[in-house]
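I opened my notebook to record what I looked up in this structure. The entries follow in the order I made them.

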Amino acid sequence: PWGPWSAIGNFRISPRGYEVNELRLQVGESVLAGQGRLDTESGRPRIDMALTAPIIQLDDFKLGDWSPIEKKPDENPTTLTADEVRSKAAAASDQAQKLLSREMLRRQDVTLKVEVNQVLSGQDKLGGGRLEARLENGRADIGPIEVDMPGGSAKLQLGYEPTEQDVKVDLHIDVQKFDYGVLARRIKPASDLRGTFSVSMDVDSRARYLSDILRHGSGRIDFAVWPQNMQSGIFDLWAVNVLVALVPAVDPDKASKVNCAIGRFELSDGKLTDRGILLDTSRMRVTGKGKANFTEENFELRMRPQAKTAQFLSLATPIQVGGSFNNFKTSVSPGGVIETVGRVLTSIVWVPLQTIAGKKLPADGRDVCFPAFGDATTAQPASR
């Protein structure tokens, strides 16, 4: 699907195989220079490539409607339901697993190294980047893939190893203060979505089918988000949709600003449980408890808001969000009304005491919304 493209170099043949020196590959505006070698002497072919580039434009490598397998025309195109979309995605994943079978991966060994001075995504400048990939003895290791940008960075490493019975996958992600507006503009070029996020993820999984990897995954997932404006409909992910729906439920004031959202989770055999959930706005400090099940594709989340300034007759009622990933609802948490009534009745006592003590949570959330991701994810909420 890529092009126009060209390949230029000095081609040599020897008893060991084939070699290309002074190689110059160009795809669109992206140009890579380096060398490549195909060694056939050892029996199993080995491919080694090392490339450098002054600029890589990610728009030159879009797949569009291209697929490695032949597509049959749909005589009766219809709008797909969410379940049908998931079913098709699972089928595509399993088809890819067949293409990347143990037998196919064992036919050759490959090493690829790419160094890039400047990575562009449309008009967005992401900074420098580096990619390493290896295919050896039937196991593929993609990474580290590193991208540096002003104020942030992203690093990813993926291991993939098919066996006779199943497939093993290990995923490691370390993202620090990445501008998610870049991702939004790749999906929707006219988007003005702004903000940064950090993610630390270490997940291992082993499943019969590639589409079941999350259902059997175990590990750790931590995230922090510092939004500048929030919109739904750009990232069609259940976790993002939950956050967008949750904010007005716990803090309905339109003038209120979301300072950060932080989550720390453990994943065990497809079941996600929290180690700490925090949402901070200019008016509210919200702590939560929650869990999700990737096998049954449902979740439960209970959030308890607290006003940052002492006030009489506070109606900050605990909120519950739950249901399936694609069909959830927000409601008052069981017992939340009784808890709110009790807090209203006792506010006449504790509000003056809190005012006298001078205890006040900062409107900008600086006590928990640290600019450093490690500090943010390990910080304890000021009030639970």
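How many aromatic pairs does a search of the whole structure find? I ran through the predicted model and noted six aromatic pairs.

I looked up one of them, Phe294 with Phe325. Next I checked where the two residues lie. Phe294 is in the loop between E14 and strand E15 (298-307), and Phe325 is in the loop between strand E16 (319-324) and strand E17 (327-332). The pair links distant parts of the chain, 31 residues apart. I also noted that both Phe294 and Phe325 are buried.

I then turned to Phe299 and Phe328. Their ring centres lie 5.8 Å apart with the planes at 65°, so this pair is edge-to-face as well. Phe299 belongs to strand E15 and Phe328 to strand E17; 29 residues separate them, and the pair links distant parts of the chain.

Are Phe299 and Phe328 buried or partly exposed? I wrote down 5% relative accessibility for Phe299, which counts as buried. For Phe328 I have a relative accessible area of 23%, so I listed Phe328 as partly exposed.

My next entry is on Gly288, which I found in strand E14 (residues 284-293). Gly288 is buried, at a relative accessible area of 3%. I looked up Gly263 too: its C-alpha atom is 9.3 Å from that of Gly288, and the two residues are 25 apart along the chain.

Last, I looked at Lys177. Its charged end sits over the ring of Trp226, 4.0 Å from the ring centre.

Conventions:
Residues numbered from 1 in each chain as written. Predicted model: local features only at pLDDT ≥ 70, side-chain atom pairs only at ≥ 80, totals over all residues. Heavy atoms only, no water. Helix = DSSP H or I, 4+ residues; strand = E, 2+ residues; numbered from the N terminus. Buried < 20%, exposed > 50% of the residue type's maximum accessible area, 1.4 Å probe, protein only. Phe/Tyr/Trp six-rings, centres within 6.5 Å; stacked < 30°, edge-to-face > 60°. Lys NZ or Arg CZ within 6 Å of the ring centre and 35° of its normal.
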